[in-house]
Amino acid sequence: MEFRTVLEWMSIAVNKLAGRISILFFIGMTLIVWAQIFFRFILGDGIVWAEEIAKFMMVWMALMGAAVVFFEKGHIAINFFISNRASLRYIKMFHALLSAVLFALLIYYGINYAKFGLRSISPASGITRFWPYLAIPVGGGFLLFQSIVQFLHLLLFQKRKSFSSVTAPADAAGEKETAR
């Protein structure tokens, strides 16, 4: 099997895993919040741990969702200044490397933070804060993986484009106009 195919397959599989984890935490968080609403306003007595666990689930959901959005290149960006550059590939490569450094730092400091959470107990739920803090290095790991795959794809597989092919305007049918 070709390296490119394996890389793309792994990236898609990791993205699906992160997406499913994010969805599971979203469903769990939603059910807990609805249960809290029911118990508090219908039965008159709330669930003590519901708000705390919902917050922890939201952190997990957000970090797993960030990895999915990074894979889909859906994070907010201002591409006006770089959209017509011949060096767009290199700018994207620099972005992927810079992102990888950020995500590696997120993992490193997230592990230390999770270790710190082993010594701390959440007051309402009674669990160690290790579990919610673990979302930081795990989410960072998913993000780091996707940024490395993105960098390798740009480095090894994306063809170098000439300046004219990057800046040629497209007509309504999506075809490039040619100079006459």
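Modeller: Let's start with F39, which sits in helix α1, residues 3-42; helices here are DSSP runs of H or I with at least four residues, strands are runs of E with at least two, and both are numbered from the N terminus. Before going on, a word on the source: this is a predicted model, where local features need pLDDT of at least 70 and side-chain atom pairs count only at pLDDT 80 or more, while totals for chains, interfaces and linings use all residues. Residues are numbered from 1 along each chain as its sequence is written, and side-chain values use heavy atoms, with hydrogens and water left out.

F39 counts as partly exposed because its relative accessibility is 33% (buried is under 20% relative accessible area, exposed over 50%, partly exposed in between, with a 1.4 Å probe and protein chains only). F39 also belongs to a nonpolar surface patch, together with V33, W34, I37, F38, F41, I42 and L43, and the accessible area of the patch is about 850 Å². Patch members have over 30% relative accessible area and no salt bridge; like charges are joined within 9 Å, and nonpolar side chains (Val, Leu, Ile, Met, Phe, Trp, Tyr) within 5 Å. The areas are Shrake-Rupley values with a 1.4 Å probe, and for residues only the protein chains shown count as cover.

The C-alpha atom of S22 is 7.0 Å from that of W60, a residue 38 positions away along the chain.

Back at R4, you'll find a salt bridge to E8, with 3.2 Å between the closest N and O atoms; the rule asks for a side-chain nitrogen of Lys or Arg within 4 Å of a carboxyl oxygen of Asp or Glu. The two residues are 4 apart in α1, so about one helical turn separates E8 from R4. Both ends are partly exposed, E8 at 34% relative accessibility and R4 at 31%.

As for partners, α1 packs against α5 (residues 135-157) at about 155°, and the axes are 10 Å apart. That makes the pair roughly antiparallel (over 145 degrees; under 35 is roughly parallel, 65 to 115 roughly perpendicular, the rest oblique). The axes are lines fitted to C-alpha atoms, for helices over the stretch in contact, and angles run from 0 to 180 degrees between N-to-C directions. Their crossing is left-handed, meaning the near helix is turned anticlockwise from the far one by less than a right angle; clockwise would be right-handed.
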